[in-house]
Amino acid sequence: MLEQLLAGSLEDAQARRELRPLAQVEAEAIARPDALDALDALHPTDHIRVIAEVKRASPSRGHLAEIPEPQALAAQYEAGGASVVSVLTEQRKFKGSLADLEAVRKAVSIPVLRKDFIGEEYQILEARAAGADLVLLIVAALPQRTLARLYALIRELGMTPLVEAHSADEVARAVDLGSQLIGVNARNLSTFELDRELFGRVADQIPAGVIRVAESAVLDVSDVIRYREAGADAVLVGEALVTSDPIATLQSYLSV
């Protein structure tokens with residue numbers, strides 16, 4: 001599944017490149033105001049931080065929510081206390097777009113994450129051109145040399161890489177990059193099965209001073225408590241927010 005998702009995202013990026021050449025997107029990226037400091041926004045505190053996601057659908061759950069105005073949902077996230085808004089821009093399975101990200105960037109004053117299946121420089125440049133402050137890199141999707149190259153470009157453009165791991169070996173690869181923001185995703189992106197205990201098993205491998213993000217398997221406050229007790233500084237939540245009252249749900253999480 002991960003290979004299919006990455007291949008589809010690269011095909012879609014190629015189609016966009018035919019309409020907006022690399023040189024144009026690069027110029028737009030460089031012309032953007034400086035990216036917001038996501039590490040500061042997610043700096044550990046006495047309470048959990050939340051990365052709140054604009055998410056219409058997923059391969060594992062199908063349709064979740066219409067979200068005709070992603071900017072309105074993002075504004076609710078900010079009002080509810082989210083530290084970062086994540087925007088799924090993958091269009092085939094998650095029904096997102098870069099237009100969603102652009103709309104969200106205009107609506108909020110907190111950092112915005114482009115969450116997609118990133119495999120080449122063009123996607124990173126268009127993320128910055130659209131206003132992203134962070135870009136997701138999935139360790140399982142990329143050879144280490146490619147991962148390091150894309151990581152360096154994200155940093156060069158002033159953005160923050162969120163490096164996502166799904167195993168102890170992948171956490172080690174993320175640490176080797178010098179990552180300051182590491183996510184551990186409980187959902188295996190090859191099989192889409194959940195391992196709710198994964199974060200707790202690998203959290204100690206993430207060095208002190210690195211922000212630890214628990215991703216997936218957050219449905220209610222008990223899940224947030226479990227991740228917090230296992231050492232998470234932040235949780236990334238999508239489904240539970242788009243299928244509920246987002247402000248009330250966020251505020252219940254932020255009490256942890």
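Helices here are DSSP runs of H or I with at least four residues, and strands are runs of E with at least two, numbered from the N terminus. With that in mind, the model I am showing, which is a predicted one, has a chain whose secondary structure comes to 12 helices and 10 strands.

Let me turn to the interior. Of the 256 residues in the chain, 55% count as buried, and among contacts with a separation of 6 or more, 68% are accounted for by residues 24 or more positions apart. The largest nonpolar core holds 93 residues, of which Tyr77 and Tyr227 touch the most other members, while helix α6, residues 121–130, contributes the largest share of this core, with 6 residues. As general background, nonpolar side chains tend to be buried together in soluble globular proteins.

What is tyrosine 227 in contact with, once we leave aside its neighbours within four places in sequence? The partners are Ala186, Phe199, Ala214, Glu215, Ser216, Ala217, Val218, Ala232 and Val235.

Finally, the surface and the charges. The chain exposes about 10,700 Å², of which carbon and sulfur atoms supply 49%. There are 26 positive and 38 negative side chains in the chain, and the centres of these two sets lie 2 Å apart.

How values were computed:
Residues numbered from 1 in each chain as written. Predicted model: local features only at pLDDT ≥ 70, side-chain atom pairs only at ≥ 80, totals over all residues. Heavy atoms only, no water. Buried < 20%, exposed > 50% of the residue type's maximum accessible area, 1.4 Å probe, protein only. Contact = heavy atoms within 4.5 Å. Areas by Shrake-Rupley, 256 points an atom, 1.4 Å probe, with all protein chains shown as cover. Lys, Arg positive; Asp, Glu negative; His and termini not counted. Charge placed at Lys NZ, Arg CZ, Asp CG, Glu CD. Core = buried A, V, L, I, M, F, W, Y, C linked by side-chain atoms within 4.5 Å.
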